[in-house]
Amino acid sequence: MALDNLRAFVGAIDAAGDLRRVAHPVSVDKEITEIADRCMKSAGGGPALLFERPTLPQGGASRYPVAVNLFGSEKRMALALGVPCLDEIGGRIATLLNVKVPDTLLGKLAMLPQLAEVAKFPPKAVGGRAPAQEIVVRDRDVDLSQFPIPVCWPEDGGPYITLPGVITRDPKTGVRNVGMYRIQVIAPNELAMHWQRHKVGAAHWREMAARGETMPVAIALGGDPASIYAASAPLPPSIDEFLFAGFLRKEPVRLAKAITCDLEVPAEAELVLEGYVDPREELVLEGPFGDHTGFYSLADYYPKVHVTAVTMRPEPIWPHTIVGRPPMEDYWLGHATERIFLPLLKLTLPEIVDLHMPPEGIFHNLVFVSIDKQYPGQAYKVMNGLWGQGLMSLAKVIVVLDKDVSVRDPKEAWWVALNHIDPERDVRFSMGPIDVLDHSSRGFTYGSKMGIDATRKWKEEGFTREWPGKIVMDEKTKLRVDAMWRELGIEL
Ligand SMILES: Cc1cc2nc3c(=O)[nH]c(=O)nc-3n(C[C@H](O)[C@H](O)[C@H](O)COP(=O)(O)O)c2cc1C
């Protein structure tokens, strides 16, 4: 059975012995960050935390607890998605893709019974009052300062909502998008929305601005864990994240009509902030924000969200994460994406054996990819192919290795890569879009990329010397040493 909401997820983590309830009063003003950071930096990602008595910046206790680091380990990420191992989902997708499907994957859905599995669990509209709408606060009564919204880092511009699902709709196609974008609280009923220019929410906003129309926006906090994850997944704009979450859960996501705007929201959320962006309005200053690069993002101008209603359960849990110097909880969300989306990348680049984005590379800075090299120049084909795919276009450094290298182990990947390259020959620079958070590129979101061909070089690639093999002990010697090991008195 899929987990239906955040409290069920917290309960499941607790049952697995992986939750620490913090009864001690802890301020939302940076103290939660310092505690969560120490946990997230510990082995395996540390425990999930439920702060039962957060205190508000203006003083006084919050009525609502704050949950942090719920997704912060491989085990909890798998629990969130209802699988023993994340690669199982990649496997399900690979099975679907094994059906000989031409390019328009979604167009064929209805015709292909196997692929229909993707569309088997579309979001389901529920009637009546949804759990997320038991309490409704509207218009002038909206006061976000009563919620435990943390200030994460010393130089942050204010309190931040960090684990939301931001719901918008494409005015042209009507397709919904749910994106995880941080949101700064700038007034009791006003927010600054940090959807970056490469993201789908920002594309919807540009569309609405071109039409000169007011844009409905809903912000879900909580809901089923697969939907929370799906908001962070780089799905193509044509796929509704709640449909994808249904595929992951093998059960539909239940949606309710928002009360003050024309959108649907997760019925099982803890809270929902309903509102709108008026594209005719001036942008507002957002940031600075201690970001997942480990550096501050500088303040910049982003759209203002007017909150027209807060709907919630009677005792909502406030979901939160912190980002900062890696590794942090977001590594595990990104890691799930890496595993789940690998079969999709293999669809267009079938020579890919494995791919890994280590935490220090904060996803877009470093991609190791191993390939089954069959012809000269194939490493360049793969790096160029990756730079042509969705958010992979933002990858700053791509290192291509042969299939026998375990790219999931960055130490091994670097060891082999650094041995295999003649830098002048094997490094290429290219240009392209750069992640909004990159502070070093020559222009904002525009700059260079580096591709490293760390595969063995072939004669056709101009390498005429002999290529040496890796050092590996022979089996017979290993067995002889195994047999005498106890007698040697060496403890390792
Ligand atoms: C914890 C966390 C915070 C994030 N914050 C932002 C953000 O502030 N702005 C942004 O554009 N993307 C942010 N992202 C990345 C997006 O969620 C991700 O790129 C996602 O694919 C965007 O969805 P979209 O493709 O539907 O726009 C964040 C991801 C995580 C895991």
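A nonpolar core is a set of buried Ala, Val, Leu, Ile, Met, Phe, Trp, Tyr and Cys residues joined through C-beta atoms within 7 Å. In this predicted model, the largest such core holds 131 residues. Helix α9 (residues 329-348) gives the most to this core, with seven residues. Domain 1 (6-320) and domain 2 (349-461) both contribute residues, so the core lies between them. The points below start with the core and the domains, then turn to helix packing and to the loops.

**The core**

- Six members touch the most other members of the largest core: Ile-219, Tyr-229, Val-265, Val-369, Val-400 and Leu-401.
- Tyr-229 touches Phe-71, Ala-80, Leu-81, Leu-333 and Ala-336, leaving aside residues up to four places away in sequence.
- In soluble globular proteins, nonpolar side chains tend to be buried together.

**The two domains**

- The domain assignment of the chain gives domain 1 (6-320) and domain 2 (349-461).
- Their C-alpha centres lie 31 Å apart.
- Ten residues of domain 1 are in contact with nine residues of domain 2.

**Helix α3 and its surroundings**

- Helix α3 spans residues 74-81.
- Its buried residues are Arg-76, Met-77, Leu-79, Ala-80 and Leu-81.
- Several elements cover these buried residues, including α1 (6-15), β3 (48-51), α4, α7 (225-230), α8 (241-249) and α9.
- Gly-82 follows α3 and has a positive phi, near 70°.

**How α3 packs on α9**

- Two packed helices are described by the angle between their axes and the distance between the axes.
- For α3 and α9, the angle is about 60° and the axes are 10 Å apart.
- The two helices are therefore oblique to each other.
- α3 passes α9 in a right-handed crossing.
- On the α3 side, the residues that meet α9 are Glu-74, Met-77 and Leu-81.
- On the α9 side, Trp-332, His-335 and Ala-336 meet α3.

**How α4 packs on α9**

- Helix α4 covers residues 87-98.
- The axes of α4 and α9 come within 6 Å and cross at roughly 30°.
- That angle makes α4 roughly parallel to α9, because angles under 35 degrees count as roughly parallel.
- This crossing is right-handed.
- α4 brings Asp-87, Ile-89, Gly-90, Ile-93, Ala-94 and Leu-97 to the contact.
- α9 meets them with Arg-339, Ile-340, Leu-342, Pro-343, Leu-344 and Leu-347.

- Pro-326 sits in the loop between β22 (318-320) and α9.
- Pro-327 is found in the loop between β22 and α9.
- A cis peptide bond joins Pro-326 and Pro-327, with omega about 0°.
- Pro-326 has 19 C-beta neighbours inside 10 Å, so it counts as partly exposed.
- Contacts of Pro-326 are Gly-294, Tyr-331, Pro-359, Glu-360 and Ile-362, not counting residues up to four places away in sequence.
- Pro-326 and Val-472 are 146 residues apart along the chain, and their C-alpha atoms are separated by 33 Å.

- The peptide bond from Gly-287 to Pro-288 is cis, with omega near -5°.
- Pro-288 lies in the loop between β17 (284-286) and β18 (289-290).

- Lys-30 has a positive phi of about 70° although it is not a glycine.
- Lys-30 lies in the loop between β2 (26-27) and α2 (31-40).
- With 19 other C-beta atoms within 10 Å, Lys-30 is partly exposed; a residue needs 20 or more to be buried.
- Asn-69, another residue other than glycine, has a positive phi near 65°.
- The loop between β5 (66-68) and α3 holds Asn-69.
- Asn-69 has 28 C-beta neighbours inside 10 Å, so it counts as buried.

Definitions and conventions: Residues numbered from 1 in each chain as written. Predicted model: local features only at pLDDT ≥ 70, side-chain atom pairs only at ≥ 80, totals over all residues. Buried ≥ 20, exposed ≤ 12 C-beta atoms within 10 Å, placed from the backbone. Helix = DSSP H or I, 4+ residues; strand = E, 2+ residues; numbered from the N terminus. Domains from an automatic or database assignment. Contact = placed C-beta atoms within 7 Å. Axes fitted to C-alpha atoms, helices over the stretch in contact; angles between N-to-C directions. Parallel < 35°, antiparallel > 145°, perpendicular 65-115°, else oblique. Left-handed = near helix turned anticlockwise from the far one by under 90°.
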